[in-house]
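Subject: Structure for your review

Dear colleague,

My notes on it follow directly after.

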Number of protein chains: 2
Amino acid sequence: MLRSHGLRVTPQRLAVAALILPKPMHVTARMVYQTLRETHPAISMNTIYLTLGQFESSGLLQRFEINGTTVFDSNTAAHDHACCSRCKAIIDLSPQQQESPQQPHALARWHIDREQRIWSGLCPNCAKQ
Amino acid sequence: MLRSHGLRVTPQRLAVAALILPKPMHVTARMVYQTLRETHPAISMNTIYLTLGQFESSGLLQRFEINGTTVFDSNTAAHDHACCSRCKAIIDLSPQQQESPQQPHALARWHIDREQRIWSGLCPNCAKQ
DNA sequence: CTTTGTTAGGAATATTTACTATTTAGGAAA
DNA sequence: TTTCCTAAATAGTAAATATTCCTAACAAAG
């Protein structure tokens with residue numbers, strides 16, 4: 001899969017891919033770094049950032065910003081997110097039925113390639129307290 | 001207005017308010033800092049961050065993140081944003097007609113207090129090139 | 001005048017990018 | 001297959017940027 005996207009196959013890339021690509025999940029660069037440190041003690045943040053950036057460019061990951069950091073999402077299908085303002089949990093939301101048919105008029109002459117939506121509030125757990 | 005929101009009236013706060021509240025606009029903490037430095041040479045980033053944060057808590061500003069930084073928006077009405085991925089221009093989008101009536105089912109037990117949408121792509125100018 | 005909130009400034013923290021010498025993947029040649 | 005070559009990738013360090021923390025001095029408002 002890496003080769004089909006024009007990326008050389010290295011142990012570091014395989015480790016990153018094995019960690020986050022198999023199932024939909026949300027990770028930050030730091031989370032990837034700290035996890036891979038256990039199996040790859042010498043891996044560097046630089047490599048993590050480069051790898052995640054390349055994966056995004058290749059369409060293997062989606063990226064968005066929330067709570068001051070960049071989050072990478074291995075669910076590359078079009079979908080929205082909800083984030084708890086207290087516990088910071090992030091969940092995927094399947095696209096609505098009549099999703100994004102109407103692009104606003106003001107964007108007629110834009111070349112839009114992405115629409116992202118984030119719902120913020122308290123998750124059920126945090127709302128109880 | 002500051003007093004009605006429980007904030008003491010200081011020259012710094014007046015300067016920030018006079019700069020960004022009169023008309024809808026998007027600013028970063030750094031932009032405010034650099035502009036106010038001309039008239040208030042001793043003002044500090046700390047004060048800018050505190051003031052913008054208080055204005056947001058008071059409902060005088062809205063906040064969102066894009067391109068790695070926090071942007072404060074003096075248009076506090078519900079609306080979406082579009083951002084050019086090349087020149088980084090940000091524009092406001094008036095809410096759609098049949099806007100946000102349907103909150104996703106998965107959020108039934110959440111207490112949602114905000115929904116934000118960001119469209120990304122090339123603005124007309126940048127698309128030409 | 002007094003109290004309490006605010007400010008400036010510097011330090012601390014965190015995220016992300018830049019730079020560079022070393023190493024390595026992968027294809028070409030033997 | 002094995003060897004060699006080159007461009008790309010990596011680790012490590014430093015730097016740029018954004019944001020928060022801390023504290024002493026200060027000022028708003030009663």
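Two residues are taken to be in contact when they have heavy atoms within 4.5 Å. On that basis, among contacts in chain A between residues at least 6 apart in sequence, 47% join residues at least 24 apart.

The model is predicted, so local features need pLDDT of at least 70 and side-chain atom pairs count only at pLDDT 80 or more, while totals for chains, interfaces and linings use all residues. Residues are numbered from 1 along each chain as its sequence is written, chains are lettered from A and ligands numbered from 1 in the order in which they are written, and side-chain values use heavy atoms, with hydrogens and water left out.

Chain A

Chain A contains four helices and six strands (DSSP runs numbered from the N terminus: helices are H or I with at least four residues, strands E with at least two). Read from the N terminus, the order of its elements is α-β-α-α-β-β-β-β-β-α. Along the principal axes, the C-alpha atoms of chain A fill a box of roughly 45 × 45 × 25 Å. Of the 129 residues in chain A, 42% are buried (under 20% relative accessible area; exposed is over 50% and partly exposed lies in between, with a 1.4 Å probe and protein chains only).

The interface

Contacts between the chains involve 35 residues of chain A and 35 residues of chain B. Together the two chains bury about 3200 Å², of which 60% is on carbon and sulfur atoms (buried area is the accessible area, with a 1.4 Å probe, that two parts lose on being put together, summed over both). On the side of chain A, the residues that lose the most area to chain B are A:Glu65, A:Trp110 and A:Trp119, which together account for 22% of what that side buries.

There are 14 residue pairs in polar contact between chain A and chain B, both residues being at pLDDT 80 or more (a pair of N or O atoms within 3.5 Å; within protein, one must be able to donate a hydrogen and the other to accept it, and residues adjacent in sequence count only if both atoms are side-chain atoms). The largest share of the side of chain A that touches chain B comes from β6(A), with 12 residues.

Strand β6(A) runs antiparallel to strand β6 (residues 111–122) of chain B, and 11 bridges join them (strands pair if DSSP finds at least two bridges between them). Within this pairing, A:Ile112 stands opposite B:Gly121.

Two salt bridges are found across the interface (a side-chain nitrogen of Lys or Arg within 4 Å of a carboxyl oxygen of Asp or Glu). The side chains of A:Arg117 and B:Glu115 form a salt bridge at 2.9 Å, N to O. The side chain of A:Arg117 also makes a polar contact with that of A:Asp80, at 3.4 Å. A:Asp80 lies in strand β4 of chain A and is buried, because its relative accessible area is 8%.

Chain B

In chain B, strand β2 (residues 62–66) and β3(B) run antiparallel and are joined by five bridges, with B:Phe64 partnered by B:Val71. The two strands form a hairpin with two residues between them, and B:Asn67 in the turn has a positive phi of about 55 degrees. Strand β1 (residues 26–27) of chain B is also antiparallel to strand β3 (residues 69–73) of chain B, through two bridges.

With kind regards
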